[in-house]
Amino acid sequence: MTDATVSEPGHRLKPLPPAMLRELSVRSDLKGAGQSLGHYAMIVLMGTLIWMVSSTWGVLWALPLTAVQGYLVAFLFMAVHETAHKTAFRSRGLNLGVGYLSAFMIGLPYEYYCLFHWDHHRYTQDPDKDPELIVGVKPTSDTQLAIAYSGLLQVAGRLRLMLGHAITGKVVVPWIPEGKRGVIVREARAYVALYALLLALSLWFSSALLLFVWIVPLLIGQLFLRPYLYAEHTGCERTRSAFQNTRTTYTATIVKWFAWNMPYHVEHHAYPSIPFHALPKLNAIVDGEIVHRGRGYIRTTRETWNWFRRQLRAGPIDQRR
């Protein structure tokens, strides 16, 4: 992905000087390792606590911990996203290793997502070409909108697509080039085989460990992840300018940490080669150019929800993500 920021007429943007862009684009194995190991350490710690509490006092007592684990596991999506850009680490091998592991953890095949996301950056907010708009659930009622915000339909959709690729051996979605379709099929079959193996082992040992520390939290975590993802583009203009078609949300430091600094989303779309750890510096440079500015995710979620409801009243809706 390039850093050619496209602007509509009337929107002026001074490009970053080449020296500054090179400085901000430096990737770091150390920072990538600190971020990914810290994230996974929290997941292991919380999973251990869930298992200890549920084994001692019962599953209900572990529900608050399960909700926290859900946030942690679901937001591994950010690790998949950053490694898809190959900016999490300087090392390509580390990018691929963390990317594949994180993608497996959230049920989103890595190679498939890389191609999906490439077209999202190329065609952001284009209803005919942006994959996130094409596959997005299109609610026709408040009930369907609430279900969409749960994220469960989106998870079911990508799992169904993965199974379809694995079983039929066919890939027909337009964002997968013909030359890559064999890779996507083999990847889907590998994922399905590994999931089946883990299920068989769980049944063999009569263990619900993976269910309570991974699967259930992943589903619960969609309640946090989906509103976050809707904040990125919902209600923004359909232009080619990242400073108009994307939203940056200003939020707490801990939220930015677990989201790998992706709340700085305008900055990321404008300069996708800049790694996650440099986005705060980039924000300080381009902050004045940002059109859509979210003020925390609770407030921004109310805004995106109201935007969707206005679209429902107006007629057919083009859903974000």
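## Terms and basis

A residue is called buried when its relative accessible area is under 20%, exposed when it is over 50%, and partly exposed in between, using a 1.4 Å probe and protein chains only. Helices (H or I, at least four residues) and strands (E, at least two) are DSSP runs, numbered from the N terminus.

This is a predicted model, in which local features need pLDDT of at least 70 and side-chain atom pairs count only at pLDDT 80 or more, while totals for chains, interfaces and linings use all residues. Residues are numbered from 1 along each chain as its sequence is written, and side-chain values use heavy atoms, with hydrogens and water left out.

## Helix α8

In helix α8 (residues 142-150), the buried residues are L145, A148, Y149 and S150. They pack against α9 (152-168), α11 and α16 (297-314), where contact means heavy atoms within 4.5 Å. Just after α8, G151 adopts a positive phi of about 80°.

## Nonpolar cores

A nonpolar core is a set of buried Ala, Val, Leu, Ile, Met, Phe, Trp, Tyr and Cys residues joined through side-chain atoms within 4.5 Å. The largest such core has 69 residues, of which M78 and Y228 touch the most other members. Helix α11 (residues 209-233) supplies the largest share of this core, seven residues. Apart from this core lies another, of seven residues, including L145, A148, Y149 and W307.

Not counting residues up to four places away in sequence, Y228 touches F75, M78, A259, M262, P263 and Y297.

Y191 counts as buried because its relative accessibility is 5%, whereas W204, at 71%, counts as exposed.

Leaving aside neighbours within four places in sequence, Y191 is in contact with Y100, A103, F104, L108, P109, Y110 and M162. The C-alpha atoms of Y191 and G107 are separated by 8.1 Å, although these residues lie 84 residues apart along the chain.

## Cysteines

With a disulfide taken as a pair of cysteine sulfur atoms within 2.5 Å, the count comes to zero. C114 counts as buried at 14% relative accessibility, and C236 is buried with a relative accessible area of 6%.
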